[in-house]
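The following paragraphs are intended for a reader who is meeting this structure for the first time. They begin with one chain as a whole and then turn to selected elements and residues.

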Amino acid sequence: MPERVRQMLPSVLSVLLALGVCWALIALTLEPGTATDAYLQMLWGGIGNWPAYLDGAAATVITRPLGESAMKAAILTLTGLSVAVAFKVGLFNIGAQGQMLLGALAAAVMGAQVSLPGVLHVPAALLGAALAGAAWAGIAGLLRIYRGVHEVISTIMLNWVALSLVDNWLVVGPLRGAAEGGQSITGTAEIQATAVLPRLLGEGSRLNLGFPLALAAALAVWVWLTRTRSGFETRAVGLGAEAARAAGIPVARRMGLAMALAGAMAGLAGAVLVLGTEGRYPGTLGAPYGFDGIAIALIGNNHPLGATVSALFFGVLRAGGTRMQLLGVHKSFPELIQGLALLFVAGRMVWLALLRRRNVAPAASAEVPRA
Amino acid sequence: MRRGELLAVVGENGAGKSSLMNVLYGLYQPDSGVLSLDGQPVRFKSPRDAIARGIGMVHQHFMLVPTLSVAENVVLGREPTRNGLLDLERAVQEVSATCARFGFQLEPRARVDTLSVGSQQKVEIVKALHRGAQVLILDEPTAVLTPQESDELARVMRGLVAQGHTVVLISHKLKEVLGVADRIAVMRRGRCVAEVRAADTTAEQLAALMVGEGQRAPATTSPPAVSQAPGESLLNVRGLQATGDNGRPALRGVDLEVRAGEIVGIAGVDGNGQRELAEVLTGLRPLTSGSGALLGGPLSGLTPAQARTRGVGHIPEDRLHRAVVKALSVEENVALGRHTRPPFAKGPWIDFKGRRERTRELTVAYDVRPPDPEVALRALSGGNQQKVVVARELDARPRLLVVVQPTRGLDVGAVAQVHAKLREARDQGTGVLLVSLDLEEVLALSDRVYVFFEGRVTGHFLRHEFDERELGRRMLGTTEPGHA
C-alpha cells in the first residue's frame, strides 16, 4: 500500500468509527431505524435532497443545503489551515478563535466604514482581516521567538484577551452600530453592499465567494509548502529546528512568518463569516469555528488538502445535522461525531501499528503530532 | 577491589571505563564473565539490585530534581510515610542524621537548584550513602567542579574510605587521581592493561600506559605526503574564547590556522573545547573574545548562513540533531542548506528534477543504500545516513570543511570510505579541520595536529613529529602548555 494512502487511513477509519459509534448511540436511545433515517436526513441536509429533486422538486432543495454546507466548510477550511500551517513549522496554534475574532472585527469595520468601489472593497476588507489575524497570531509568535513563551499558553490566553477586547468592549462600546429607525442594534454597523461577498448560486442559497476563496487558500498553502524554497524551509524547521539552523535557515523568521500566515488564515475565516453571512459583527460571534479548526487540522493529518477534505466533510455534517431534529435527534450529533473522530485520530500510532501488523510496511513511521 | 580502599580507574575516552561501571551498577548486562561481591557471584538485572547490595553510583550528570529540597531528593524513591502520607519531617531528620554521620554539611530543607554544583554533588553522594551504599562509584566527579570543590571532594572521599567504605573513582585527570587514590587501574580499549599502587607511579608512566606504547598499527594507511606547500590561509584565529553550554568558558584563548589543501586534526579528550570550536567556526556558537579571519571575512558575528555562503562545510558530531532531518526524504536532506541554489532551486521554486538528478548521482557515487532519493532518511542505516551527510557537504565543494567525529558508529567499510573522501577533498584543495576523539583517526588523516586541553592548545605537531606518547601527555595536560 503506498505510503500516502497509509498516512490517510487513520483519519478515514477514525471518522468511520465515530460515525458508527454515534449511530449506535442513536440506535440505543431511540430506534435503529431512526438512526439510519437520521443519518440520511443529515446527508440530504448537507449535500442537497437529491431524491426530492429527482421527483421534480425545485432546484433550491439542492442549492440551499449546499450553500449551508459550503459556508460552514469554507470557515472550517480556513481555521483548519490556520492550525495546520502553524503545525508545519512546529507550533501548535490554539489561538485560531481569537485570531478569527480580530479578523471578523477588522472585516466588519472595513466593510462598514470604508467606502471603496465594488471590485476593491471586498479584497481590501479581506486583506484587513488577514492582517488583523496575522498581527494577533504574531504576538504569540514573537513571544515564542524572543521570550521562549510556549505558544500553546500564549495563544490560549490571547483567545480570552480577544474575546474581552472585541465582544465585551469594542463591539458594545466604541464600534457599536448607530440605532436605525428607532431600533437599537447590537454589534457593529451593517457593512456596505460593495463589501458583501457575492452569492454564487442565486439568492436561494447562501453559497458565496468565501467558499472558492477558502479552497484557493488551501491550494496556495499546499503549493507553497511543497513547491517553494521558503515552504521547504518552513517544513524543515518544523521537523528539525536545530538541523535547519545548522543549514543556515533563518529559524526565527520562518516561525514568525508561519505563525503570521496561520493568523491570516483564521482572520480570513472571520472575514468570510462577516462579509458572507452575518453582514456585520454581531453582538457576539458565538460559533467556536477557531477551536473546530484544531479538530479539522488534526483529522486532516495537518496537511492543507487533508484539512480541506476534513472541513468539507464536517461542513456537510454540520449543515445537515439540523435536519436530524425532524426525527427527534439532537442537532449536536455532528459535533459529537467530530469530537469522537478527533479522539480516535489522536490514537494515530495505534492505527498505524494495527495497519503495520497486517502489511509489510516500510520502516518509516508516522509524523507524531507534538502537543 | 578491596573493602576500605580508594580505587581509581583511568583511561582514554572510549577505553571502557564507563561501560565497566555501568555493568557494576546494573545498567548494562555483561555478555560474559562473572561479577563477584564479597566472594559471592552476583548478577544485577537493574540498578535496583545493585543498590540493594550496597552499591551506589554518582553520575557525571546529576540525577536530582532541582525544585525539590535536599531531603526530598535524598529520600526520593523510598520516602518515609505516616498514615500513607509523606512524612517530610522524618525525611529531614533522617537526612540530617546521615549527613552528620558522614560529616557532610548540607541544609536538608534547601532547594537543590539554589546549591552550588559542588554541594549538589554532595547531595548525590548522601543519596547513595542514605541507601546504605558500601561501594560508591563516582563517574568523572571533578569534571564539573572548581579546583576548590575538587579538593573538598577529595577530602570527602578519603573520609568515606576511612570509615570503611570503598570508593571507585573514574577519571582521566591523572594528577588528582595520584593525589587521592590507593590503587589505580588503567584501561585501554576495553581491557585493564595495568594495576599500580598510586604511591609507586608517576603521571608520565600512567599517560604512557593509557595511550599505549605506539605499537599499534594505524587503522588506515597513511596518506601520501602532500608534496605541494600548503595553500592560502583559510582560517586564522587568535585568542579565541567561547562559552560552553554549561555557562563556563569552553575555549580560553585558542590560536590556530588552517590552510588550503591540508587536513588539520584536533586531538583531545572529550569536553576540552573541540566541539565548541567547531560550533564557532560554523556560526552556531558566538565567540566571546578573540579575533579571526574565516574565508575572507571576520569570525565574530558569523551566522550559519554566512558560514555556508563563504564556503564552510560542516559534518557535525550529532548527526540526527544537527545534520539531517530524518522525517524528510533523502533528496530533501541532500538539498538542506543548499536548497536556495541550483540545481536545487529555480528562483523561489524547488527544482524537483534537478534535485532528483543530483541526488541520484550522489547516491551512486557514495554508495548510499537504498539508492532511492524519495525514501525517508530515517529508513536508512546510520552509516548510510552519514554517507548522505558527507556526500552533501563535499558536493558543495567547500573551501573549509569542519568535520567532527565523522566515523563514530560506522562500520569498517564506511569508515574507510569516509576517510578516502576526506583525503580526496584535501587533495583537491579543501582545507579540512578534523575533530575526533579517536586519536588513531586523527593521526591517520592529519597533516598537522593541534592538541586541546581545557580550552587551550597544549601542543602542535607536524606529521613527521607525531608521537603518541607525547600527544597523550599533552591531551591529559600533564605537561605545561607550549608548542612542541
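Predicted model: local features only at pLDDT ≥ 70, side-chain atom pairs only at ≥ 80, totals over all residues.

In chain A, helix α11 (residues 251–278) is mostly covered, for 21 of its 28 residues are buried.

Chain B contains 17 helices and 22 strands. The radius of gyration of chain B is 25 Å, close to the 23 Å that the globule rule gives for 484 residues, and chain B is therefore as compact as a globular protein of that length. Among the contacts in chain B with a separation of 6 or more, 65% are accounted for by residues 24 or more positions apart.

Chain B is divided into three parts: domain 1 (6–211), domain 2 (217–311 + 399–484) and domain 3 (328–397). The C-alpha centres of domain 1 and domain 3 of chain B are 47 Å apart.

Helix α5 (residues 117–130) of chain B has 14 residues, and the distance from its first C-alpha to its last is 20 Å, close to the 20 Å expected at 1.5 Å a residue. Because 13 of the 14 residues of α5(B) are buried, this helix is largely enclosed by the rest of the structure. After α5(B) comes Gly132(B), which has a positive phi near 80°.

Helix α15 of chain B, residues 412–427, includes Asp427(B). With a relative accessibility of 47%, Asp427(B) counts as partly exposed, since the cut-offs for this class are 20% and 50%. Asp427(B) and Gly261(B) are 166 residues apart along the chain, yet their C-alpha atoms are separated by 5.9 Å. Gln405(B) lies in the loop between β19 (400–404) and α15 of chain B. Although Gln405(B) is not a glycine, its phi is positive, about 45°. The relative accessibility of Gln405(B) is 10%, and this residue therefore counts as buried.

Two peptide bonds of chain B also deserve a look. The bond from Pro342(B) to Pro343(B) is cis, with omega near 0°, and Pro343(B) is found in the loop between α12 (330–335) and β17 (345–346) of chain B. Arg369(B) and Pro370(B) are likewise joined by a cis peptide bond, with omega about -5°. Pro370(B) has its place in the loop between α13 (352–365) and α14 (382–395) of chain B.

Chain A can now be taken up again. The UniProt annotation "transmembrane region", from an unreviewed entry, covers residues 73–94, 101–120, 126–145, 152–172, 207–225 and 255–275 of chain A. How much of the span 73–94 of chain A is helix? The chain there is 73% helix and 0% strand, with end C-alpha atoms 19 Å apart. Residues 255–275 of chain A are 100% helix and 0% strand, and their end C-alpha atoms lie 30 Å apart. Helix α11 of chain A runs over residues 251–278; at 1.5 Å a residue its 28 residues should span 40 Å, which agrees with the 39 Å between its end C-alpha atoms. Gly279(A) follows α11(A) and has a positive phi, near 80°.

Further along chain A, Asn301(A) sits in the loop between α12 (289–299) and α13 (304–321). Phi of Asn301(A) is near 60°, a positive value in a residue other than glycine. Asn301(A) is partly exposed, with a relative accessible area of 26%.

Gly320(A) belongs to helix α13 of chain A. Is this residue buried or exposed? Gly320(A) counts as buried, because its relative accessibility is 0%. The C-alpha atoms of Gly320(A) and Leu40(A) are separated by 9.2 Å, while the two residues are 280 residues apart along the chain. Apart from neighbours within four places in sequence, Gly320(A) is in contact with Gln41(A), Met42(A), Gly45(A) and Gly46(A).

Conventions. Residues numbered from 1 in each chain as written. Chains lettered and ligands numbered in written order. Heavy atoms only, no water. Domains from an automatic or database assignment. Helix = DSSP H or I, 4+ residues; strand = E, 2+ residues; numbered from the N terminus. Expected span 1.5 Å × (residues − 1). Buried < 20%, exposed > 50% of the residue type's maximum accessible area, 1.4 Å probe, protein only. UniProt positions renumbered as here; feature names shortened; annotations may be inferred. Rg over C-alpha atoms; globule rule 2.2 N^0.38 Å. Contact = heavy atoms within 4.5 Å.
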